[in-house]
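Thanks, everyone. Let me put the structure up, and then we'll walk through it together.

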Amino acid sequence: KTVEISTDKVLAVKQFIEKVQKENFVGKKDVLDLLTDIQTKVMKGETIPNYMGEGLKPYLKEKPDLEKSAEELLSLLKNK
């Protein structure tokens, strides 16, 4: 059984990780850890559990631009 991996999604996660790395905020390491886990799942074609997406939100409260990007990313990842 082959799993279809969406290169758009892989790229979107990678770009968001790069965006986060350029910023400086409390919880940055936690956000990057979560994103790495999400990226691994995306690359395997697995579903992203809600708790992972929800887990990002508290850390990004101080960074509205990142918060918006995270929401866009999560909605992209939820679409099949």
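Start with F16. Skip the residues up to four places away in sequence, and F16 touches L35, L60, L66, S69, A70 and L73. Keep in mind that this is a predicted model.

Now, the core. How many residues does the largest nonpolar core have? It has 22. F16 is among those with the most contacts inside it, along with V20, L35, I38, L56, L60 and L77. Who supplies this core? Helix 1, helix 2, helix 3 and helix 4 each give at least two residues. Helix 4 covers 64-78, if you want to find it on the screen. As general background, nonpolar side chains in soluble globular proteins tend to be buried together.

Helix 1 is residues 7-22, and helix 2 is residues 28-43. Their axes are 10 Å apart, and the packing angle is about 170°. Angles over 145 degrees count as roughly antiparallel, so helix 1 is roughly antiparallel to helix 2.

Who meets whom? From helix 1 we have K9, V10, V13, K14, F16, I17, V20 and Q21. Across from them, in helix 2, are K28, V31, L32, L35, T36, I38, Q39, V42 and M43. By type, this contact has 11 nonpolar residues, three polar and three charged.

Take Q39, in helix 2. Is Q39 buried or exposed? Its relative accessibility is 18%, and buried means under 20%, so Q39 counts as buried. Leave out its neighbours within four places in sequence, and Q39 is in contact with V13, K14 and I17.

Then K9, over in helix 1. K9 has a relative accessible area of 16%, so K9 is buried as well. For a sense of distance, take K9 and P58. They are 49 residues apart along the chain, and their C-alpha atoms are separated by 22 Å.

Last stop, a loop. I48 lies between helix 2 and helix 3, and helix 3 is 50-56. I48 counts as buried, because its relative accessibility is 15%. What is I48 in contact with, leaving aside neighbours within four places in sequence? The list is I38, K41, V42 and L77. One more distance: I48 and D37 are 11 residues apart in sequence, and 9.2 Å apart from C-alpha to C-alpha.

That's my tour. Over to you.

Methods
Residues numbered from 1 in each chain as written. Predicted model: local features only at pLDDT ≥ 70, side-chain atom pairs only at ≥ 80, totals over all residues. Heavy atoms only, no water. Axes fitted to C-alpha atoms, helices over the stretch in contact; angles between N-to-C directions. Helix = DSSP H or I, 4+ residues; strand = E, 2+ residues; numbered from the N terminus. Parallel < 35°, antiparallel > 145°, perpendicular 65-115°, else oblique. Contact = heavy atoms within 4.5 Å. Nonpolar A, V, L, I, M, F, W, Y, C, P; charged D, E, K, R; others polar. Buried < 20%, exposed > 50% of the residue type's maximum accessible area, 1.4 Å probe, protein only. Core = buried A, V, L, I, M, F, W, Y, C linked by side-chain atoms within 4.5 Å.
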